[in-house]
Amino acid sequence: MIRLTDICEKVQSYHPAADVDLIHRAYVYSAKMHDGQTRKSGEPYLIHPLGVADVISELKLDAPSVCAALLHDVVEDTLATTDDIARLFGAEVAFLVDGVTKLSLINFNSKEDRQAENFRKMLVAMAKDIRVLLVKLADRLDNMRSLGHLAPEKQERIARETMEIYAPLANRLGISWLKCELEDLAFRYLEPDEHRALDTKVHKSQKERDRYIEDVVKVLQSRLAEPGFAAEVSGRAKHLYSIFRKMKAQQVEFEKVFDVIAFRIVVETVADCYAVLGVIHSRWTPIPGRFKDYIALPKPNMYQSLHTTVIGPKGERVEIQIRTRQMHRIAEDGIAAHWRYKDRGGYEAKDAEKFTWLRQLMELQRDMKDPAEFLETVKVDLFSDEVYVFTPKGEVRVFPRGATPVDFAFAIHSDLGIHCSGARVNGAIQPLRYKMRNGDTIDILTSNQQHPSKDWLDFVVTSRAKARIRSYIRLEQRERALTLGKELLERELHKHSLSLARIQKAGELEKAATEMRIGTADELLCAIGYGKASTQAVIDLLVPEERRSAPPTEFRESKVEQLIRKVTRKDQGGIKINGVDGILVRYARCCSPLPGDEITGFITRGRGVTVHRHSCPKAIDVDPDRRIEVSWDAKTRSSRPVSLRVITADRPGILATISTAFSQDGINISQATCKTGDADRAVNTFSFAVTDLGQLKAVIRHLQKIDGVISVDRV
């Protein structure tokens, strides 16, 4: 069990002047407020704040941060208030605690709303003081360490959030050990079978690997001692999730994954780094395309090193990282390695450029109202590998790998992106879909006639570009919906000898919008245009009853209205629709939702409601004004089509084994496509029907256990 005295000793070892008395008082207060509370494991709740404080001391943060760790749950889980914390421990500790506290007392429409608002609050707080995020990461790490005591569905939800948001945040802050542990813990709960199998294989080869590390370290030390370098050489196996990601990316089994071991050489100066690289390359053959200079071009998370992969002893591929001692401290602990305290916390102005990504996230949280879209763009921004390109003036710009000239244009200025018609890359004209490469010089071409199209969303990768394109397209869609809404309401009013212009002038339409809780008159017209509000409901509010009962003025039904009437029939196929009755339901082909998937619906004029999976990129692209609450009807059981891509080793009999697995699960394959490729592997796509997500997960688990199956993914 972690003891407060151990935590205080750690703090005093790196910060002798720390206010240890404040930490003791925070501990006593936390123990008093959490008295009688227990965790799911049955242990006293105080174990958790102590665990978080211990992680904070590992990050070498100050006394207020340790206090915030000890107190981070008292406002949420006890009768204590933020004012109480400020009165007892000062405004600084209260600010940190408030930034970490969840928004428990607010009612949200959905899990996405809650998750997004929690993240928005944390962003605002950490923009003022990055320690808020560090305490939150420590909180998440301690929770992940004890995740095994929760129900399976909670384990999966928390692990996924950790993998998608918190591990990438730790990476952005450059805290590699924290990022690796979060990834491995999340991997254990998200892919339990793969984690177990890989963990077993790694442990089986542990002794052989340790011997190999020892041999290579000795060789490297002797080679570097000859020219007189004072170098520290070490080697370690990469963490489990990193190996698993390599297996997925290379589509190979564990035994065929190269560079599972990374060797590190720590030297005194930057000049020594390049000199050591020369010694390594003169002794062993470097592998083309595997050299990266992160010293000249540091990663946005402040990471600096030289990376090279060579054909080392015994003909094995060896990855070697070369860095100085200062670079090593930053590589391990990131922002915490060179923490600079100011009177009110935060970080020095000279470090501000290292937090460009944080500033961009702040812009996003201000601009985006749709929680699902906000969370999706956050994940995209946090998970990206970088590519370095130049402006025509020679300035370096960093983009996610796969970024295009359109991403570049929007990063410079929104207007440049909107009118971007092409790009000159290294002097040659390239299409908008061109994927920028390291070292490219990008010059954007524009045209006043050029405007963003929906197709652009298929190839841009930065959240800024996606947000600006979606905003432009939605503005256009809104204008069309407004025009259509006016036309439809005008026609209905005409039947009762009324005009829309008079109704608007008298303020009646505004009153109707307020009564229907839609907002403004324009928003009401848009809702009619989108199909979210019926003209009849508006007429009932605008037209007196005696006038409604009179014979309507003869009016021919428009083609649009005919089309609407045709599709507004009861055909929901196992879907419950909140707030709108009698709507045709379609399932999106792009994501093929199954009962059990989290889903969302979008009204499409003339085509009813289209149902997407929550995670579908196409759903994120659609205007949130057209979103409608939908859910699965538990009473209805019908089969839905789905496809799986199964990558296997190319060996005789494996297809028969896979077919048997489907049969044993009571599933009939309707279509199969099998292709052999390079590296002795085969790519197989199977189409079939299942009744719900549980049946699909069962067959995926069954397939993953087959010897020779490398990966199974839903298409």
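**Close-up views of a predicted model**

**View 1. The hairpin of β5 and β6 holds a residue with positive phi.** Five residues lie between the two strands of this hairpin, and Lys 314 takes a positive phi near 60 degrees. This is a predicted model, in which local features need pLDDT of at least 70 and side-chain atom pairs count only at pLDDT 80 or more, while totals for chains, interfaces and linings use all residues. Residues are numbered from 1 along each chain as its sequence is written, and side-chain values use heavy atoms, with hydrogens and water left out. Helices (H or I, at least four residues) and strands (E, at least two) are DSSP runs, numbered from the N terminus.

**View 2. Strand β6 pairs with β2 and with β5.** Two strands pair if DSSP finds at least two bridges between them. Strand β2 (residues 261-267) runs parallel to β6 over six bridges, and here Phe 263 stands opposite Ile 320. Strand β5 (residues 306-311) is antiparallel to β6, again over six bridges, and Leu 306 stands opposite Ile 322. Seven of the eight residues of β6 (residues 317-324) are buried, so this strand is largely enclosed by the rest of the structure. Buried means under 20% relative accessible area, exposed over 50%, and partly exposed in between (1.4 Å probe, protein chains only).

**View 3. Helix α23 packs against helix α25.** Have a look at α23 (residues 508-515) and α25 (residues 535-542): the angle is about 115 degrees, and the axes are 10 Å apart. Axes are lines fitted to C-alpha atoms, for helices over the stretch in contact, and angles run from 0 to 180 degrees between N-to-C directions. Glu 508, Leu 509, Ala 512 and Glu 515 of α23 meet Val 538, Leu 541 and Leu 542 of α25, where contact means heavy atoms within 4.5 Å.
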